[in-house]
Amino acid sequence: MSPAPFSVVYVGAGEINFGTVEGPWNHSLRVENTFGASLDVVGIIDPDVVRAEKQIALKNTAGVPGYANAQIWTTPELAGADLGSDRPIDLVIVGAPPHFRGCAAPPADLDLRLLAALPQTKRWLVEKPVSAAQPTALAGQDKVAEAYKKSGAIVGVGYMLCALKGVEKIQQMIKEKGLTVMGTAARTKPAWWNKQISCGPIVEQATHLASLSLLFGGAARLPSVRTQTVEHFEAPGKLSKLGFDEDSTVPAESRIPRYTSAIWKYKGGAVGSLTHVVGLHGNTYDTEFEVICDGTTFRLVDCYTPCPRLFIRQSDKSAEVEVHNFAGDDPFQTQIDALVAGSPKCTFEEALATYQLTWAIREAGERERLLEQEQ
Ligand SMILES: NC(=O)c1ccc[n+]([C@@H]2O[C@H](COP(=O)([O-])OP(=O)(O)OC[C@H]3O[C@@H](n4cnc5c(N)ncnc54)[C@H](O)[C@@H]3O)[C@@H](O)[C@H]2O)c1
């Protein structure tokens, strides 16, 4: 007997769901890996019908099972009306831009509309960041979290670094040795250029490292966040190489900080820090994440590569640094499989806490600049 079909709806026909040459993200590929011939792609919700048609055609031409009957809807309501509430939906992957998500009112109420239109959905995978609006009661990010909770479905968010094998190794060792985390330190050097469009490098990019920080440090005390930045108009912020014409394409007030250094206290007493640098030329990300405990320190590097490495120093055992290589690690696959199994690596509540921390980091930096101007 063949297994029951696993039915999936994609929201967004873009890169996160269907891949790009620029990075490893491609949820549809991982879902296909897991479900093979039992996959049933019910359809894609995207106002860009041409793009959705193209993605389905590419899959059908390549002979990928599951897309033969895939439909296209431009809105959640049309999908809901077409499918009715009896048609089972095992998984909805929400890969629309964050400007349409995370809030209680249009145009950013996509989550609430999806929950109303497809109430039978058993699992949701929502992309990061969970919103693009400043987190406030008025914007209603908490209401969205509450609505997902009330739905009774399993909800995960695409913070895939939480699904790294190296992260699991650190978690296991902390548990086995009964360690208490004293501090977390995250450093990342990627590039992203306009904070009005993308919310800035912390909210949009370093967010992955913020999510890892909270995974180990627990909840952060947001009022404790302090941030210093190097801005584009300061001497150390003059970059020797820019891959595009920033002067004519990004207004001065929207240019991103070149260097952001933030520090905060966790509610449990540990200290967290995050450094983000736009100074690495080329397309690679250089990331480092440290977890510091009494007697044992962990340093995870190359988090975005196919071979993350973990350095462990256990002063109760040896002065030598142990090196663990995780060749071929695919956190996107682990993320999907963990969600399908009912234990998402990052829940919506956790992702919202990450979102709030990244805004607190950005706002603390902006406050600091205003204070400087007044002095
Ligand atoms: N976890 C990761 O590593 C990772 C990587 C890439 C992107 N992302 C996230 O995925 C999200 C999407 O990014 P992308 O690169 O796929 O963007 P994209 O622009 O390639 O695709 C987004 C698609 O969503 C569609 N869309 C717009 N409004 C919509 C709506 N109301 N309903 C349904 N579809 C709508 C667009 O037409 C477009 O086809 C972002 O939040 C981004 O941060 C995460």
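This is a predicted model: local features need pLDDT of at least 70, side-chain atom pairs count only at pLDDT 80 or more; totals for chains, interfaces and linings use all residues.
**View 1. Helix H7 covers residues 165-177.** Helices are DSSP runs of H or I with at least four residues, strands are runs of E with at least two, and both are numbered from the N terminus. The 13 residues of H7 should span 18 Å at 1.5 Å a residue, and the end C-alpha atoms are 18 Å apart, which agrees. The expected span is 1.5 Å times one less than the number of residues. Just after H7, glycine 178 has a positive phi of about 65 degrees.

View 2. Gly166, Val167, Ile170, Met173 and Ile174 are buried, meaning under 20% relative accessible area with a 1.4 Å probe and protein chains only. They lie on the same side of H7 because they cover an arc of only 130 degrees around the axis.

**View 3. The buried residues of H7 pack against other elements.** Among these are H10, strand E7 (181-188) and strand E11 (287-293).

**View 4. Helices H10 (207-217) and H13 (348-374) each give two or more residues to the lining of the second largest pocket.** H13 gives the most, with 5 residues. By class, the lining has 9 nonpolar, 4 polar and 2 charged residues; Gly counts as polar.

Residues are numbered from 1 along each chain as its sequence is written. Local features need pLDDT of at least 70, side-chain atom pairs count only at pLDDT 80 or more, totals for chains, interfaces and linings use all residues, and side-chain values use heavy atoms, without hydrogens and water.

How values were computed:
Buried means under 20% relative accessible area, exposed over 50%, partly exposed in between (1.4 Å probe, protein chains only). The arc is that of the directions from the helix axis to the C-beta atoms. Contact means heavy atoms within 4.5 Å.
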